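Me: I'd like to learn how to read helix packing. Could you walk me through it on this one?

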Amino acid sequence: MKVEIWSDVMCPFCYIGKNNFEKALENLPFKDQVEVEWKSFQLDPTLDPKETKTTSEYFKEKKGFPEAQAQQMIAQVKQMGSGAGIDFNFEKALITNTFSAHKLLHLAKKYNKANEMEEALFIAHFIDGKNVGDVETLVNIAGSLGIDREEAQKVLASEEYHQEISRDITEARNNGVSGVPFFVLNGKYAVSGAQPVELFASALQQTYDETVTPLQNLLDNGASCDTDGCEI
């Protein structure tokens, strides 16, 4: 059984969805039969990779939120994160272009470390306040996972994996994906948003039990981020 997950590093609901999905999967008897493939999605490819913004600044610029509304949105997401076991540190988080981070994710796939890389990138961005668009930061993350630093440096300086990232984004568009996280379970069902643990468990169990059917929405949309920002 295969689960494909479209995600972006700077999407808080992607991190929440990852945690809830993994908690659901851990308690299922067929967990070792599930292959997870992380796919690239960029919420804002127009961002300058050489610049960073605070979360509050980005919400105000992207959504036109006044400061009070931006802070209220951040507080709501922090509360959701706490329920998923994540202590978001939005005060330190740096918003930037995530294309290079996606290149590192595809490099990690080569070594069957994509899940570890996704987690490391989320921690770097949301917890440690690191710039996930910075080459040195990304090389250090690769090295921490046992991926050769020189290879990571070479990949980040080249156009390697550009085609794979573009393919993921095109595939998402063809599947009607406008927001992330977005999960496709065994090519049968689409689950969008950061769903609760019990709903992920139910979806996984149902997919495992059934024969192949056309792709359809299994659950109502959960909290997610799209190119216009994040919505609860």
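Me: Which hand does the crossing of helix 5 and helix 6 have?

Reply: That crossing is right-handed (left-handed if the near helix is turned anticlockwise from the far one by less than a right angle, right-handed if clockwise). Helices here are DSSP runs of H or I with at least four residues, numbered from the N terminus. This is a predicted model, where local features need pLDDT of at least 70, side-chain atom pairs count only at pLDDT 80 or more, and totals for chains, interfaces and linings use all residues. Residues are numbered from 1 along each chain as its sequence is written, and side-chain values use heavy atoms, with hydrogens and water left out.

Me: What else describes a packed pair?

Reply: Two packed helices are described by the angle between their axes and the distance between the axes. For helix 5 and helix 6, the angle is about 135 degrees and the axes lie 10 Å apart (axes are lines fitted to C-alpha atoms over the stretch in contact; angles run from 0 to 180 degrees between N-to-C directions). Helix 5 is therefore oblique to helix 6 (under 35 degrees is roughly parallel, over 145 roughly antiparallel, 65 to 115 roughly perpendicular, the rest oblique).

Me: Which residues meet there?

Reply: Met-117, Ala-120, Leu-121 and Ala-124 of helix 5 touch Leu-138, Ile-141 and Ala-142 of helix 6, with contact meaning heavy atoms within 4.5 Å.

Me: How does helix 4 pack with helix 5?

Reply: Their angle is about 155 degrees, with axes 8 Å apart, so they are roughly antiparallel. On the helix 5 side, Met-117 is one of the contact residues.

Technical notes:
Helices (H or I, at least four residues) and strands (E, at least two) are DSSP runs, numbered from the N terminus.
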